[in-house]
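Here is a short report for a reader new to this model. Please look over the sequence and the 3D view before reading on.

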Amino acid sequence: RHAISQGDVECVVHEQDLAYRSGTATTQATQTTPRSSGGSDLLVDADGRFAFDPVQVFRFSALTRNAHRIHYDADYARADEGYPGLVVQGPLLILTMLETPRRSSKPPPTSVQYRLDAPVYVGDGCHIAGSGSEGRATQLRLAARDIDPCATADLRWN
């Protein structure tokens, strides 16, 4: 739990529960082929599905000082951790989901709670959907590989 205060007012609270996998591969995952644009933008197709770029995931690791190899070394992620490819960071998933309300003309949400339920890999076709009444409460869901949700975010406006 991390809290940021200004004066005597608690402005931001960040709570997280982490679960780590063992270093041995216990399941055989399907192969995911990364698609790269060579840049750091999301790859978006005509249906609104998008994929994370390996360069974007690497840069986010550098920005957040996250040195875990599952985010930049695909061979390590597959052989040592049992993932099918590079793993997209949870905070990057949530920030991407928050682009939906940020790009609207509405004020930003005053509260965000999120949960990560399944990993997302570089190259996965992702889709974000929402429900609820914008302006009061909204839930966003990020789906990938026919898993819905991989991540959820509950947004509130006072």
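Which residues does Val12 touch, not counting residues up to four places away in sequence? They are His2, Ala3 and Ile4, where contact means heavy atoms within 4.5 Å.

## About the model

This is a predicted model, in which local features need pLDDT of at least 70, side-chain atom pairs count only at pLDDT 80 or more, and totals for chains, interfaces and linings use all residues. Residues are numbered from 1 along each chain as its sequence is written, and side-chain values use heavy atoms, with hydrogens and water left out.

## Val12

Val12 sits in strand E2 (residues 9-14). Strands (E, at least two residues) and helices (H or I, at least four) are DSSP runs, numbered from the N terminus. Val12 has 43% relative accessibility, so it counts as partly exposed. Buried means under 20% relative accessible area, exposed over 50%, and partly exposed in between (1.4 Å probe, protein chains only).

Val12 and Thr110 are 98 residues apart along the chain. Their C-alpha atoms are separated by 9.9 Å.

## Aromatic pairs

The structure holds 3 aromatic pairs. Rings of Phe, Tyr and Trp (its six-membered ring) pair if their centres lie within 6.5 Å; planes under 30 degrees apart count as stacked, over 60 as edge-to-face and the rest as tilted. Phe58 and Tyr72 form one of the pairs. Their ring centres are 6.3 Å apart and their planes stand at 80°, so this pair is edge-to-face. Phe58 belongs to helix H1 (residues 54-64), and Tyr72 to the loop between H1 and helix H2 (74-79), 14 residues apart. Phe58 is partly exposed at 45% relative accessibility. Tyr72 is partly exposed at 39%.

Tyr83 and Tyr121 form a tilted pair, with 5.9 Å centre to centre and 55° between the planes. Tyr83 lies in the loop between H2 and helix H3 (90-97), and Tyr121 in the loop between strand E5 (111-116) and strand E6 (126-133), so the pair ties together parts 38 residues apart in sequence. Tyr83 is buried at 11%. Tyr121 is buried too, at 7%.

## Nonpolar cores

A nonpolar core is a set of buried Ala, Val, Leu, Ile, Met, Phe, Trp, Tyr and Cys residues joined through side-chain atoms within 4.5 Å. The largest has 23 residues. Phe52, Val88, Met97, Val120, Cys126 and Leu142 touch the most other members. H1, H3, E6, strand E7 (137-144) and strand E8 (147-156) each give this core two or more residues.
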